[in-house]
Amino acid sequence: MSASVPRLVIAAPSSGSGKTTVATGLMAAFAARGLAVSPHKVGPDYIDPGYHALATGRVGRNLDAYLCGPELVGPLFLHGAQGCDIAVVEGVMGLYDGAAGEGELASTAHVAKLLRAPVVLVVDASSQSRSVAALVHGFASWDPEVRVAGVILNKVASDRHEELLREALEQAGVPVLGVLRRAAQVSTPSRHLGLVPVAERQGAAVEAVAAMAAQVVDGCDLGALEALARTAGAVPGGSAPWTPASPAHHPTRSDEADQQRAPVVAIAGGPAFTFSYAETTELLTAAGADVVTFDPLRDEELPEGTAGLVIGGGFPEVYASELSANEPLRQAVAELAGSGAPVAAECAGLLYLCRELDGLPMCGVLDAGARMTERLTLGYRDAVAVGDSVLAAAGTRMRGHEFHRTAVEPGSGAEPAWGVRGPRPRVEGFVERGVHASYLHTHWASEPGVARRFVERCRTS
């Protein structure tokens, strides 16, 4: 595919400015014009891509320069954008906010530079008028390699307010590409870890995306935004699209035989387990697995022939009663894990494998208890595999992300999953027989050998 797919990065001075409303609405508006839109999100967020998928009809994908490394941002972007007419990338936090203590690494600005994409700044104008010019000028001039090429004013109170803002911005030299009035109907409900995922809202989420699109259509110059996207040149570095297949892999007769007995890898889904990167499924499939999704809230059995289990993140604490009530599935998970079959669990998956969660019985695979807490644990982590497991050989280094308000006691087993590096080194997680369970969310595209190793263990366990 062409490495010069038209693209925009939607950024903001800070969180809460309206990036998700604008980015999602813009994706839907472009799609309604007949464009094939590739949706992307900067950072490790799992929830916004669900709204992006509703808006575009395509899988929402993450671009995280910390988890995957800067060198993979371009290839992963091109992989997601194959066959598309335009791409919209929603930023994270403020434009220049990245991994703590790591400078620009993983910031929206960093990703915009890696993609050589023009940036549209969404500004919450609800409590300012002329000061907006100083704000925009500062963001546009802070890093000359970041091209802030337009502004969308959000939460504008009236025609007079808009007039004052436009007059001020004429001096900043950054064109106004949209003005959005305050509109309660485009808001999306939040709780302890952010927006409520699409899978939990269904019809309400569809209505919210439609309202976002209507507001963007009414308030933004779509023609100018599309024209701006087309000013993006080739993605730097001569990037080729990322592929889940190993470039060194050449099919053989034995490979073909393996494909005929592809092991079934069951991936937990449904409202309780919504946190998953699209590349995980693609990597497992490329490694020869037959990937099947199941819903631990409703399915009383694992998919037929399950040889391995992947349980990602989500909100088991919200659905603890329903998960606990599904005793047949809890028993099936415990039996599979007890057989030595490969089981990979992250965050919510870790909680599900514990004896209990807030006093309610869970799968009992791990001799540990989990509970909700008031403390938010949040941040990137640099980790190394403590010992051999179904995911990685001892010494394998991966970067991860923690995001939860729960605690597991004990925090690690006799064989921990990861050693976390940094100012306060520690071990965390559990490796027991075929089980690898941890709080860390990881992006398997950064270490494709993880999926290949997991599938091979599924074949031989």
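**Salt bridges and burial**

Reply: Arginine 381 and glutamate 402 form a salt bridge, their closest N and O atoms being 2.7 Å apart. This is a predicted model: local features need pLDDT of at least 70, side-chain atom pairs count only at pLDDT 80 or more, and totals for chains, interfaces and linings use all residues. Residues are numbered from 1 along each chain as its sequence is written, and side-chain values use heavy atoms, with hydrogens and water left out.

Me: Why is the contact of arginine 421 with aspartate 382 called a salt bridge?

Reply: The term needs a side-chain nitrogen of Lys or Arg within 4 Å of a carboxyl oxygen of Asp or Glu. Here the closest N and O atoms are 3.4 Å apart, so the pair qualifies.

Me: What makes aspartate 382 buried?

Reply: Its relative accessible area is 12%. Buried means under 20%, exposed over 50%, partly exposed in between (1.4 Å probe, protein chains only), so aspartate 382 is buried.

Me: Why is arginine 421 called partly exposed?

Reply: Arginine 421 has a relative accessible area of 43%, so it falls in the in-between class.

Me: How do you know that glutamate 282 and arginine 61 meet in a salt bridge?

Reply: The N to O distance is 2.7 Å, so it is within the cut-off. Glutamate 282 is partly exposed at 22%, whereas arginine 61 is buried at 11%.
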